[in-house]
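Please keep the sequence and the coordinates in view while reading.

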Amino acid sequence: DVTEIEEQEAQAKQEEQIMKEQELSNLLHEKRYLKALGLAISLDRPHTVLTVVKAILKEPEGRKHLEENIVRLRKYQKEAVLAFLVTWNTNSRNCHEAQAVMETLLKHEAPDSLLQFSGIKSAVESLLPYT
């Protein structure tokens with residue numbers, strides 16, 4: 001009978017999830033945005049990434065800080081943010097944040113580099129009607 005083992009594994013995963021949520025909350029409170037972005041991306045939480053982006057933009061010189069943080073992300077993290085911003089851009093409440101992130105990606109990534117992103121074609125097709 002493996003039911004008990006499966007329950008323990010499920011409980012361990014849930015506890016780990018709670019710990020990561022707490023860590024994310026602490027990072028936001030401490031204004032450690034780069035780590036918060038990385039953790040939210042690794043948790044696959046588009047809304048949390050949006051919350052971090054909004055928090056950055058509320059800071060004095062928010063655009064500058066947003067650029068600094070987005071530029072320091074790894075390629076797979078930038079791909080995830082691009083996928084997230086496609087969804088954000090369809091909502092008028094979140095389109096400004098999506099446009100700010102997209103502007104940063106377009107300014108700091110070479111066109112050849114952007115073409116290497118997974119899902120770039122569908123992202124551009126989805127962004128065009130709303131941009």
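Glu61 counts as exposed because its relative accessibility is 55%, and exposure requires a value over 50%. The model is a predicted one. Glu61 is located in the loop between α3 and α4. Most residues other than glycine have a negative phi. The side chain of Glu61 also takes part in a salt bridge with Lys64, at 3.5 Å from N to O. Lys64 is partly exposed, because its relative accessible area is 44%, which falls between the limits of 20% and 50%.

A second residue with this backbone feature is Asp44, which has a positive phi of about 55° and is not a glycine either. Asp44 is found in the loop between α2 and α3. With a relative accessibility of 54%, Asp44 is therefore classed as exposed.

Which residue forms a salt bridge with Glu59? The partner is Lys31, and the N to O distance is 3.3 Å. This pair links distant parts of the chain, 28 residues apart: Lys31 belongs to the loop between α1 and α2 (33–42), whereas Glu59 belongs to the loop between α3 (46–58) and α4 (62–71). Glu59 is partly exposed, because its relative accessible area is 21%.

Another salt bridge lies within a single helix. Glu16 and Lys20 are both part of helix α1, four residues apart, or about one turn of the helix. Their side chains meet at 3.4 Å, N to O. Glu16 is partly exposed because its relative accessibility is 45%, and Lys20 falls into the partly exposed class because its value is 27%. In general, side chains of opposite charge can pair when their charged atoms come close. The count of salt bridges in the model comes to 10.

Helix α1, which spans residues 3–29, also includes Glu9. On the surface, Glu9 gathers with Glu4, Glu6 and Glu7 in a patch of negative charge.

Lys75 counts as partly exposed because its relative accessibility is 43%. Its C-alpha atom is separated by 9.7 Å from that of Leu114, a residue 39 positions away along the chain.

These details can now be set within the fold. How many helices and strands does the protein chain have? There are eight helices and zero strands, and the pattern along the sequence reads α-α-α-α-α-α-α-α. The C-alpha trace spans about 55 × 35 × 25 Å along its principal axes. Of the 131 residues in the protein chain, 36% are buried.

An unreviewed UniProt entry carries the annotation "domain: U3 small nucleolar RNA-associated protein 13 C-terminal", which covers residues 21–131. Over residues 21–131 the chain is 76% helix and 0% strand. The end C-alpha atoms of that stretch are 32 Å apart.

Notes. Residues numbered from 1 in each chain as written. Predicted model: local features only at pLDDT ≥ 70, side-chain atom pairs only at ≥ 80, totals over all residues. Heavy atoms only, no water. Patch = residues over 30% accessible without salt bridge, like charges linked within 9 Å, V, L, I, M, F, W, Y side chains within 5 Å. Areas by Shrake-Rupley, 256 points an atom, 1.4 Å probe, with all protein chains shown as cover. Salt bridge = Lys/Arg side-chain N within 4 Å of Asp/Glu carboxyl O. Lys, Arg positive; Asp, Glu negative; His and termini not counted. Charge placed at Lys NZ, Arg CZ, Asp CG, Glu CD. Helix = DSSP H or I, 4+ residues; strand = E, 2+ residues; numbered from the N terminus. UniProt positions renumbered as here; feature names shortened; annotations may be inferred. Buried < 20%, exposed > 50% of the residue type's maximum accessible area, 1.4 Å probe, protein only.
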